[in-house]
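Subject: Structure handover

Hello,

Here is the structure for your own work. The notes on what was found in it follow below.

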Amino acid sequence: MGRVVDVSTLLSLTDRVDSLAAPSGMHPGAWPLAGRLDGWTRARGLVIGDPDTSPLGRARCDRLAARLLRAAPLDRVELFAHWLTWTFALDDTLDRRPLSASATAVCDLYDDLLRALRRGSARPGARPLESTLAELWRATSAGMSAGWRRRFLVHLEEHRACCAEEAVNRRTGVVPTLQRYAALRRGACGPHLFDLVEPVLGVELPGRVLSCPPWTALTEATADMIAWCNDLASFRRERADGDAHDLVAVLAAAHGFSDGQAVHWTLDRIVHRAADVAAAARVLPDALDRLLLPDDDRIAVARVVPVLLDAPRAHLDWLVESGRYDLARPEEARPPRRQLGLQDILAAR
C-alpha cells in the first residue's frame with residue numbers, strides 16, 4: 001500500500017484553519033531538555049538501548065512540551081515532558097500483545113497503576129510504568145486540591161475503560177461506529193494530560209468552570225482536533241498492525257471509502273472541529289461572566305485557555321518534527337486527489 005498520508009497532508013490544514021495558520025513557538029529555555037529527558041527516560045527503564053530504534057525513543061516529548069507551555073517555568077515544562085513520555089510508554093504497552101487484545105490484561109495493569117497512586121508509592125520491584133507513575137504523582141499532586149486529584153484519577157479510569165474497550169474490539173474484529181468513535185478516542189488519548197496543564201502553570205480551575213457547557217465544548221473539540229491529527233500521522237502504522245482505532249479506518253469502514261477518500265474526509269472533519277473550537281471560545285467569556293468568578297479563578301482560566309487554543313498547532317508541529325510516526329516527506333508521496341461529490345460531503349456532516 002502506498003502512503004496516503006505524508007507531511008504535506010497534515011500541513012494542508014494550515015491553509016484551511018485560521019488557528020493553525022501560524023507556526024507554534026518554542027519555550028526559550030528548551031534547548032537542554034532533550035538531553036535531560038533522554039537521561040531520565042533511560043534511568044527509569046522506559047527506553048532501553050538505542051532510542052532511535054523505538055517510537056518512544058524517537059518521540060521528542062521535550063519538543064511537544066516546550067511548544068505547548070512556552071511561558072511556564074522550565075522545570076514544570078520538563079515535568080510535563082516526563083508525563084508525556086510516561087503516557088506514550090503506557091500507550092505503546094497497551095498497543096502491543098498481549099494487552100492490545102485483552103481487556104482483562106489492560107485492567108490488571110491499570111489496577112497496579114492506580115493502587116500505586118492511592119498508596120503514594122510503587123511496590124518493591126514494580127515495573128517501570130508503575131514506579132515512574134508513583135514518582136510523577138508525588139511531584140505533581142503536591143499543592144493540588146483533593147478535587148483536582150479525584151478528577152485526575154477519574155480521567156485515568158476513563159482511559160482504562162476506553163483502552164479496555166479497544167482491546168475487546170481488536171479481539172473480536174469490531175470497527176467502532178462513527179457515533180461511538182469520537183468519545184472512545186478522547187478517552188483513549190490520555191484525558192489526564194489536560195488536567196496536568198493546571199499544576200504546570202501553578203493554577204487550579206474551579207468546578208463551576210469545568211462543568212460549564214462552553215468549557216466542555218472547547219475542551220472536547222480541542223481534544224478531537226489533536227486526536228484526529230494524530231490519527232492521520234499514525235494511520236500507516238495502525239493499518240499495518242490491523243488496528244481500526246483510527247478515524248481514517250473508521251470512516252473507510254462506515255462509508256466504503258478508499259484510504260485516500262477517508263483521509264480527505266478526516267481532514268474535513270478536523271476543519272469543522274476547529275470551527276467548533278472557535279465558536280466555543282467566542283461564547284466562553286460571557287458564560288464565565290455569568291459565573292461571577294473571584295479574581296483567582298479568573299486568573300486561572302486566563303492562563304489555561306491560551307494553552308488549549310494553541311495546543312492543536314503545537315501538536316501539529318510536533319507531529320511533523322517527531323520521529324514517532326515516521327511520516328513521509330512531501331516529495332516521497334502525496335495523497336490522491338479527492339473524488340467525493342458535494343452530496344457525499346453534506347451527507348457525512
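Helices, as named in this email, are DSSP runs of H or I with at least four residues, numbered from the N terminus. With that in hand, the lining of the second largest pocket can be described: helix 4, helix 6, helix 7 and helix 12 (213-241) each supply at least two of its residues. Please keep in mind that this is a predicted model.

Overall fold

The chain has 16 helices and zero strands. Its C-alpha trace spans about 55 × 50 × 40 Å along the principal axes. For 349 residues, a compact globule would have a radius of gyration near 20 Å, and the chain, at 20 Å, agrees with that. Buried residues account for 55% of the 349 residues in the chain.

Second largest pocket

The volume of the second largest pocket is about 660 Å³. It is lined by 30 residues, and those closest to its centre are Asp-92, Thr-93, Asp-95, Arg-96 and Arg-97. By class, the lining of this pocket divides into 12 nonpolar, eight polar and 10 charged residues.

Asp-95, one of the residues closest to the pocket centre, sits in the loop between helix 4 and helix 5 (103-119). Its relative accessible area is 41%, so Asp-95 counts as partly exposed. In sequence, Asp-95 and Glu-238 are 143 residues apart, while in space their C-alpha atoms are 9.6 Å apart.

The loop between helix 4 and helix 5 also holds Pro-98. The peptide bond from Arg-97 to Pro-98 is cis, with omega near 10°. Arg-97 is itself among the residues closest to the centre of the second largest pocket.

Aromatic pairs

How many aromatic pairs does the structure have? With ring centres required to lie within 6.5 Å, the count comes to eight. One of them is formed by Trp-83 and Phe-152, an edge-to-face pair at 5.3 Å centre to centre with 65° between the planes. Trp-83 lies in helix 4 (residues 74-94) and Phe-152 in helix 7 (residues 146-172), so this pair ties together parts that are 69 residues apart in sequence. Trp-83 counts as buried because its relative accessibility is 1%, and Phe-152 counts as buried at 0%.

A stacked pair is formed by Trp-137 and Trp-148, with 5.9 Å centre to centre and 15° between the planes. Trp-137 is in helix 6 (residues 128-141) and Trp-148 in helix 7, so far as the elements go, and the two are 11 residues apart. Trp-137 is buried, with a relative accessible area of 8%, and Trp-148 is buried too, at 0% relative accessibility.

Cavity

A search of the whole structure finds one cavity of 30 Å³ or more. The largest cavity holds about 80 Å³ of space. Its lining has 11 residues, and those nearest its centre are Val-5, Leu-232, Ala-233, Phe-235 and Arg-236. Eight residues of this lining are nonpolar, none is polar and three are charged.

Backbone points to check

Most residues other than glycine have a negative phi, and most peptide bonds are trans. What is the phi of Arg-60? The value is near 60°, positive in a residue other than glycine. Arg-60 lies in the loop between helix 2 (33-43) and helix 3 (61-68). With a relative accessible area of 35%, Arg-60 is partly exposed.

Leu-292 has a positive phi as well, about 55°, and is not a glycine. The residue lies in the loop between helix 14 (259-291) and helix 15 (295-321). Is Leu-292 buried or exposed? Leu-292 is exposed, because its relative accessible area is 68% and exposed means over 50%.

Regards

Conventions. Residues are numbered from 1 along each chain as its sequence is written. This is a predicted model: local features need pLDDT of at least 70, side-chain atom pairs count only at pLDDT 80 or more; totals for chains, interfaces and linings use all residues. Side-chain values use heavy atoms; hydrogens and water are left out. Rings of Phe, Tyr and Trp (its six-membered ring) pair if their centres lie within 6.5 Å; planes under 30 degrees apart count as stacked, over 60 as edge-to-face and the rest as tilted. Buried means under 20% relative accessible area, exposed over 50%, partly exposed in between (1.4 Å probe, protein chains only). On a 1 Å grid over the protein atoms alone, a cavity is a set of points where a 1.4 Å probe fits but cannot get out, and a pocket is an open set with protein on both sides within 12 Å along at least five of seven lines; lining residues have an atom within 4 Å of a point. Grid points are joined across faces, edges and corners, and a volume is the space filled by probe spheres set on the points. Ala, Val, Leu, Ile, Met, Phe, Trp, Tyr, Cys and Pro count as nonpolar, Asp, Glu, Lys and Arg as charged, and the others, Gly among them, as polar. The radius of gyration is taken over C-alpha atoms; the globule rule is 2.2 Å times the number of residues to the power 0.38.
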